[in-house]
Amino acid sequence: MMKKNRGVIGIFWLLVLVIVPSGCVTEPSALTGEKKSYGYTWQQELEIGKKSDRDLVREMGVYPDDALSRYVTDIGERVLAQSNLRQPDTPEIYLNLEFTFRVMDSPVVNAFALPGGYVYVTRGLLAHLNNEAQLAVVLGHEITHVAARHASQQALKQQWGQIGLVAGAVIGQGITGNENFADQFLGLGGSVFQMLTLKYGRDAERESDIYGVEYSAKAGYAVGEAAAFFNSLGRISDKSGGRLPSWQSSHPDPGEREGRLLQLGREMESKYGKLKVGEDDYLKRVDGLVVGENPRQGLVMRGKFYHPDMDFQFDVPQGWRAKNDASTVTLADPQGRGVLIFSIGDGDTPEEAARSFLASSKLQPTQAGESTVGGQSGYVVVGSVATSSGNVLVRNEFASYNRNVFSFLSYAAAEDVQAYRPYFASVTKSFGPIRDKAIRELEPATLKVITTDRAAAFQSYLSKDLPFGLDESDLAIINQRRLDDPIRSGQRLKVVGE
Ligand SMILES: [Zn+2]
């Protein structure tokens, strides 16, 4: 939270297939120049990329640092210039392909690509890299997914519609179209994110590693450096207990990649000579980078959801799950049978937002009128929706607060509604300004690059009270070090700043 959903009320992000795979298209491969089969034409891929990029930007948000974004673009373009998309014999359809490189505002360590020339790295990933060479290899890997058209190849294999997904659905379709809408909703939770978890397969990943490393080496980078980063990925996945972020889970075993990259690095050095690591340049750029969750964009603490930037809070019922996404906060009871979705409404007044909701939801209201929400003036609409598993009661309360209109959409099966109503009411009733000044003033943790002034163990450089959500082992992984690693005087480290 909190970015405004434009156009539709982005409640149920259905997987809408905008572009049906053509079946089988034969076009020249950018990597080999030979004819190859794809699920989408190149033109379709360009269209898919453009649309999905828009959704991704809206849902995930771009990290607001133009200088950092220009830096990543610059490295990306340098690697791209050495790729099969920028050669004298590049097949004509790929000529003049523009790439977009973006830094996304997410703490998750991730990099991904969309068809048609879109490459993304998260701020979480940037925090975990130590130098420019590592960044170049990651970008080279993603550029190869685009150049090799791996998504399109996969579409051909699996009739894989999802890459064309656009999150365009609205609540009416969401509810009536699904058997078990609560589960489905909670499972879907944003189609663009789903799209990023799609697997290209091991062969495609290996191909991306090999070409990505070659492009980066040709661009002048010491690609063997990337091995240390793949070691970090292994540690992140161990720490998360196997619940891997998508990028890692769809990629080959980090240990295997680490070894392969070390070997490739040596080969490349002998082929292209001494290559650039770029530690100083890189660390200068990530000095001050936000690290971990950004509490200003919302946090759940001691049974409450707080949004310091927008200065509001509300209660989270005891035992309920809370999920804070870019444009919504979802609360659900442990069984997922009672759900409340909080978002910014589409309108200047509660009534206007209610009308816009009704227009896009196809909900037939049984009740609509003015109300109050946590002492703020509001508007409420109530209605029921018939689904294949019974009637679902939907209630949406809109509240005007600090120049925004907020929406509390709650729903449960008709027979459960009595039981859930007190929980829903406890959320809306508690809505209001943040009362605890310390929470209102919370700031995100940022990386601070220091030069060590003594020889000591890595751990000794860490502050005793680390910010919310970060522990010492996280900092060790971020630095690609062990806690007891000996650090010489004059080395650069990333610690957490005030
Ligand atoms: Zn990959």
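In what sense do β4 and strand β6 pair, and over how many bridges? The pairing is parallel, and five bridges make it up. The model described here is predicted.

## The chain as a whole

The chain has 498 residues, of which 46% count as buried. It holds 17 helices and 22 strands. Take the contacts between residues at least 6 apart in sequence: 71% of them join residues at least 24 apart.

## The sheet β4-β6-β5

Strands β4, β6 and β5 form an open sheet of three strands, in that order, with mixed pairing. β4 covers residues 100-104 and β5 covers 111-114. These two strands stand at the edges. Each has a single partner strand, so one side of each is left without a neighbour in the sheet. From one strand to the next, the twist averages 20°.

β6 spans residues 118-122. In the parallel pairing of β4 with β6, Met-104 stands opposite Thr-122 of β6.

## Helices across this sheet

Two helices lie across strands of the sheet. Helix α1, residues 42-60, lies across β4, β5 and β6. It runs at about 145° to β5. Helix α2, residues 66-80, lies across β4 and β6. Its angle to β4 is about 140°.

The loop between α2 and β4 contains Asn-96. This residue has a positive phi of about 65°, although it is not a glycine. Is Asn-96 buried or exposed? Asn-96 is exposed, because 7 other C-beta atoms lie within 10 Å, and a residue counts as exposed at 12 or fewer.

## Helix α4

Helix α4 runs over residues 132-147, 16 residues in total. From its first C-alpha to its last it reaches 22 Å. That is close to the 22 Å expected at 1.5 Å a residue. How many residues of α4 are buried? The count is 16 of 16, and the helix is mostly covered. Just after α4 comes Arg-149, with a positive phi of about 55°.

## Where α9 meets α12

Helix α9 (residues 202-218) and helix α12 (residues 254-272) have axes that come within 10 Å. The axes cross at roughly 35°. The crossing of α9 past α12 is right-handed. From α9, the contact uses Asp-209, Val-213, Ala-217 and Lys-218. From α12, it uses Arg-257, Arg-260, Leu-261, Leu-264, Met-268 and Tyr-272. What kinds of residue make up this contact of α9 with α12? Six are nonpolar, four are charged and none is polar.

Helix α12 also holds Gly-259. Gly-259 is partly exposed, because 13 other C-beta atoms lie within 10 Å, a count between the 12 or fewer of an exposed residue and the 20 or more of a buried one. Gly-224 is 35 residues apart from Gly-259 along the chain, yet their C-alpha atoms are separated by 9.5 Å.

## The sheet β9-β10-β11

Another open sheet of three strands has the order β9-β10-β11. Its pairing is antiparallel. Which strands are at the edges? They are β9 (299-301) and β11 (312-315), each pairing on one side only. The twist averages 25° from one strand to the next.

β10 covers residues 304-307 and is joined to β11 by four bridges. The two strands run antiparallel. Phe-305 stands opposite Phe-314 in β11.

## Partners of β19

Strand β19, residues 445-451, pairs with strand β8, residues 290-291. This pairing is antiparallel, over two bridges. Val-290 stands opposite Thr-446 in β19.

β19 is also joined to strand β22, residues 492-497. Here there are six bridges, and the strands run antiparallel. Which residue of β22 is the bridge partner of Lys-448? It is Val-495.

## The loop between β17 and β18

β17 covers residues 390-401 and β18 covers 404-413. Arg-403 lies in the loop between them. Its phi is positive, about 65°, although Arg-403 is not a glycine. Why does Arg-403 count as exposed? It has 7 other C-beta atoms within 10 Å, and 12 or fewer makes a residue exposed.

Terms used. Residues are numbered from 1 along each chain as its sequence is written. This is a predicted model: local features need pLDDT of at least 70, side-chain atom pairs count only at pLDDT 80 or more; totals for chains, interfaces and linings use all residues. Axes are lines fitted to C-alpha atoms, for helices over the stretch in contact, and angles run from 0 to 180 degrees between N-to-C directions. A crossing is left-handed if the near helix is turned anticlockwise from the far one by less than a right angle, and right-handed if clockwise. Two residues are in contact if their C-beta atoms, placed from the backbone, lie within 7 Å. Ala, Val, Leu, Ile, Met, Phe, Trp, Tyr, Cys and Pro count as nonpolar, Asp, Glu, Lys and Arg as charged, and the others, Gly among them, as polar. Two strands pair if DSSP finds at least two bridges between them. The expected span of a helix is 1.5 Å times one less than its number of residues.
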